[in-house]
Amino acid sequence: MKDEASGEKTPIENDSFEFLNDLNNRNESLITYVLDDENFILFDNEKDFSIYMNTISSTNKSTYSKVSSPYDNPYSLRIYSNSNYNGLITWHSAKPNGGPQYNGCYFQNGTNSERLRNFSDSTMWKVLQNNQVVLCGSNAFIGNIPNDKVSSVRVSSCYGRFYEHINYGGRSFVLDARNSSSLQISNLKRLRRASWGRNWNDEISSIKLLN
């Protein structure tokens, strides 16, 4: 049940709720495929999820962009430290001799994909500005370590899978925007992670992007 003023959801505790609650709590690798703000599909194993993804990929294959990797585009993924898309966290690195500058700084180590694979690795999230290691402008407030600090997300023209542990571990949820301009969640408190009191706010530790 959704509170119209706050947007917060509270459970209607019937048999279906108890089943979903039990499934969430006992499955450490549960996959949530988000359809929209109100609807999602749950997968309790990777095999069933892969079958589903292969099916819809085959159906929509002609609409998917294969031009470049989403890791090369800073606009394919937007992650924020606050709800309602406030506090942009920079993850994309553009070296001075390779493409446009992004927020006036670039990361010292690792690739974009490596950086998104481990939100707790401080070496991957250090940046250089004027040849000195500094805090990137938009990341200063999180100390360049975004682990468990994401509160809203936006994915554009690609597939994004968000994990609760580093190196793509634990539970995950999916925003599949390959067949649309973008999908987003303005407040991760509204997306359930396990039992009803546990949600995805401040729980993301790695992200995978695909065309």
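**Sheets and confidence in a predicted model**

L77 stands opposite V155 in β8, within a pairing where strand β3 (residues 77-82) and strand β8 (residues 152-155) run antiparallel and are joined by four bridges. Strands here are DSSP runs of E with at least two residues, numbered from the N terminus, and two of them pair if DSSP finds at least two bridges between them. This is a predicted model, in which local features need pLDDT of at least 70 and side-chain atom pairs count only at pLDDT 80 or more, while totals for chains, interfaces and linings use all residues. Residues are numbered from 1 along each chain as its sequence is written, and side-chain values use heavy atoms, without hydrogens and water.

**Four-stranded sheet**
- The open sheet that holds this pairing has four strands in the order β4-β3-β8-β11, with antiparallel pairing.
- Because β4 (86-89) and β11 (183-185) each have a single partner strand, one side of each is left without a neighbour in the sheet.

**Five-stranded sheet**
- Another open sheet, with mixed pairing, has five strands in the order β2-β1-β10-β9-β12.
- Its edge strands, β2 (40-43) and β12 (206-210), each pair on one side only.
- Strand β1 (residues 31-34) pairs with β2 in the antiparallel sense over four bridges, and V34 stands opposite F40 in β2.

**Confidence**
- The protein chain averages a pLDDT (the predictor's confidence in each residue, from 0 to 100) of 80, and 69% of the residues score at least 70.
- Over residues 98-102 pLDDT stays under 50, and the model has ten contacts (heavy atoms within 4.5 Å) for them beyond four places in sequence.
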